[in-house]
Amino acid sequence: MLKPNETKMFHEAGESADAIARQLVANDGIVTGLVDKLKAAPPRFIVTCARGSSDHAATFGKYVFETQVGLMTASASPSISSIYHSKQQLDGALYIAISQSGGSPDLVRAASGAREAGAHVVALVNVEDSPLAKVADTVVPLRAGPELSVAATKSYLCALSALVHIASRWKGDEALYSALQATPAAMRATWAMDWSALVNGLVGANDLFVVGRGLGLGAAQEAALKLKETCGLHAEAFSSAEVKHGPMALVGRDFPVLFLTQQDESIAGIREVADEFATRGAKVWVTSSDPAQAHRLPVAAAPHPVCAPLIAVQGFYKAANALSIARGHNPDVPPHLNKVTRTV
C-alpha cells in the first residue's frame with residue numbers, strides 16, 4: 001500500500017518553502033522593474049485571469065492588491081475572449097494571468113486579447129517558454145520547479161508568494177517584504193506539525209465546508225478543490241459571511257467544517273461562526289498558532305496576516321495527501337484528470 005511520504009504530492013508540496021525562498025531572490029529584479037513601470041504609468045484597475053488552483057491564487061491576489069495597494073481588482077472570464085470573441089475595454093489596466101503550465105488555449109487567447117486592448121499583461125507562470133509567457137509584456141516566473149503530481153501544490157504556493165512580492169514592492173512596504181522572506185521558515189515549521197485530527201475526522205466523511213474570509217478565501221477555495229480532486233470528498237468553500245446565509249442550514253451534528261484563519265480584522269467573525277457551528281454539534285477544525293484556540297489545527301505564527309494563507313495551505317497539503325491515501329486514493333493520479341487542462 002502506498003504510504004503518505006511516498007507520493008509525488010508529498011515531496012512536491014514539501015519543497016514549497018525552499019522554492020519560494022529561491023523565487024524571492026531570483027525574481028526581485030524582475031518585480032522591481034515591473035513596479036517601476038507601474039509607478040511610471042499607474043494602472044486604472046487590475047484584472048486577473050486564471051483557472052483551477054491558479055484562479056484561487058487570483059482570489060488571494062484580489063485581496064492582496066485591494067488591501068495593500070488600494071486598487072480595484074476583478075476576475076476576467078476567459079470565455080469572453082475564447083468563445084464569445086468579445087473585445088474588452090482594457091486600456092490602462094494591469095492584466096495578471098496566472099498558470100502553472102501556461103498552455104491552456106483560452107488563457108493564452110484572453111491574455112493576447114487583453115494586450116491588444118491596451119492592458120499591460122503580466123504572466124505568473126511556471127513554464128517560462130510557454131505560449132502564455134510569449135504573449136505577455138512581463139513574465140514573473142513562479143520557479144516552482146518540475147511538478148509531476150496532477151495536484152498542483154508548490155506552483156500554487158509560489159503564485160501566492162509572487163503576488164505578495166509584487167504588492168510589497170509596489171506599496172514600498174519593507175515590513176511586508178521582510179515578512180514574506182520569513183514565511184518559508186514558518187511553512188517548514190507548519191509542515192512538521194500534527195494535523196492527524198483532520199485526517200482522522202474526514203476518513204469517512206461525504207461532505208465538508210471549508211471556510212475563510214478576505215485574504216483566506218482563496219485558500220479555502222484551494223482546500224475544497226484539493227479535497228475533491230485527491231480525496232473524492234465533496235467539499236465546498238465559503239466566506240464566513242456567506243456561509244451564514246443558505247449554506248448554514250446544512251450544518252448540524254457531525255457535519256465537518258474546516259476554518260482557515262489569519263490574524264486580521266476577519267478573525268473575530270470567523271471564530272464566532274466556528275463557535276456557533278461547534279455548539280450545534282458540527283465537527284469543527286480551526287487553523288491557529290494559539291494553543292488556547294478551541295478545535296485547533298496547529299500552524300506557525302504568520303509574520304504578517306497577508307502571509308498566513310501560505311502557511312495554512314502548507315499544513316493542509318500534507319494532511320490532504322495523507323487523507324487521500326487513508327480513503328483509498330492515490331493523490332498523484334486523480335481519476336479523469338490530466339496535469340495540463342486545455343480548455344477553450
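In this predicted model, helix H10 (residues 217-231) packs with helix H12 (residues 308-326). Their axes come within 10 Å and cross at roughly 15°. H10 is therefore roughly parallel to H12. The crossing of this pair is right-handed. On the H10 side, the contact is formed by Ala219, Glu222, Ala223, Lys226, Leu227, Thr230 and Cys231. On the H12 side, Pro309, Val313, Phe316, Tyr317, Ala320, Leu323 and Ser324 take part. By class, the contact of H10 with H12 has ten nonpolar, two polar and two charged residues.

H10 also packs with helix H3 (53-68). The axes of H3 and H10 come within 7 Å, and the crossing angle is roughly 165°. An angle over 145° counts as roughly antiparallel, so H3 is roughly antiparallel to H10. H3 passes H10 in a right-handed crossing. H3 supplies Ser53, His56, Thr59, Phe60 and Tyr63 to the contact. H10 supplies Leu217, Gly218, Gln221, Glu222, Leu225 and Lys226. The contact of H3 with H10 divides into four nonpolar, five polar and two charged residues. Glu222 and Lys226 of H10 take part in the contact with H3, and they also meet H12.

H10 itself has 15 residues. The helix reaches 21 Å from its first C-alpha to its last. That is close to the 21 Å expected at 1.5 Å a residue. Twelve of the 15 residues are buried, so H10 is largely enclosed by the rest of the structure. Among the buried residues are Leu217, Gly218, Ala219, Ala220, Glu222 and Ala223. Ala224, Lys226, Leu227, Glu229, Thr230 and Cys231 are buried too. Just after H10, Gly232 takes a positive phi of about 60°.

Phe60 lies in H3 and is one of the residues that H3 brings to the contact with H10. Phe60 has a relative accessible area of 0%, so this residue is buried. Phe60 and Gly216 are 156 residues apart in sequence. In space, their C-alpha atoms are 7.1 Å apart. Residues up to four places away in sequence aside, Phe60 touches Leu160, Leu163, Val164, Leu215, Gly218, Val306, Pro309 and Leu310. Of these, Gly218 belongs to H10, and Pro309 belongs to H12.

Ser155 lies in H7. Its relative accessible area is 4%, under the 20% limit, so Ser155 is buried. Leaving aside neighbours within four places in sequence, Ser155 is in contact with Gln100, Leu142, Ala144 and Glu147.

A further helix pair is H2 (residues 16-40) and H8 (residues 174-191). These helices pack at an angle of about 160°, with their axes 8 Å apart. H2 is therefore roughly antiparallel to H8. The crossing of H2 and H8 is left-handed. From H2, the contact includes Ser16, Ala17, Asp18, Ile20, Ala21, Leu24 and Asp28. From H8, Tyr177, Leu180, Gln181, Pro184, Met187 and Arg188 meet them. The residues of this contact divide into eight nonpolar, two polar and three charged.

Technical notes. Residues are numbered from 1 along each chain as its sequence is written. This is a predicted model: local features need pLDDT of at least 70, side-chain atom pairs count only at pLDDT 80 or more; totals for chains, interfaces and linings use all residues. Side-chain values use heavy atoms; hydrogens and water are left out. Axes are lines fitted to C-alpha atoms, for helices over the stretch in contact, and angles run from 0 to 180 degrees between N-to-C directions. Helices (H or I, at least four residues) and strands (E, at least two) are DSSP runs, numbered from the N terminus. Angles under 35 degrees count as roughly parallel, over 145 as roughly antiparallel, 65 to 115 as roughly perpendicular and the rest as oblique. A crossing is left-handed if the near helix is turned anticlockwise from the far one by less than a right angle, and right-handed if clockwise. Contact means heavy atoms within 4.5 Å. Ala, Val, Leu, Ile, Met, Phe, Trp, Tyr, Cys and Pro count as nonpolar, Asp, Glu, Lys and Arg as charged, and the others, Gly among them, as polar. The expected span of a helix is 1.5 Å times one less than its number of residues. Buried means under 20% relative accessible area, exposed over 50%, partly exposed in between (1.4 Å probe, protein chains only).
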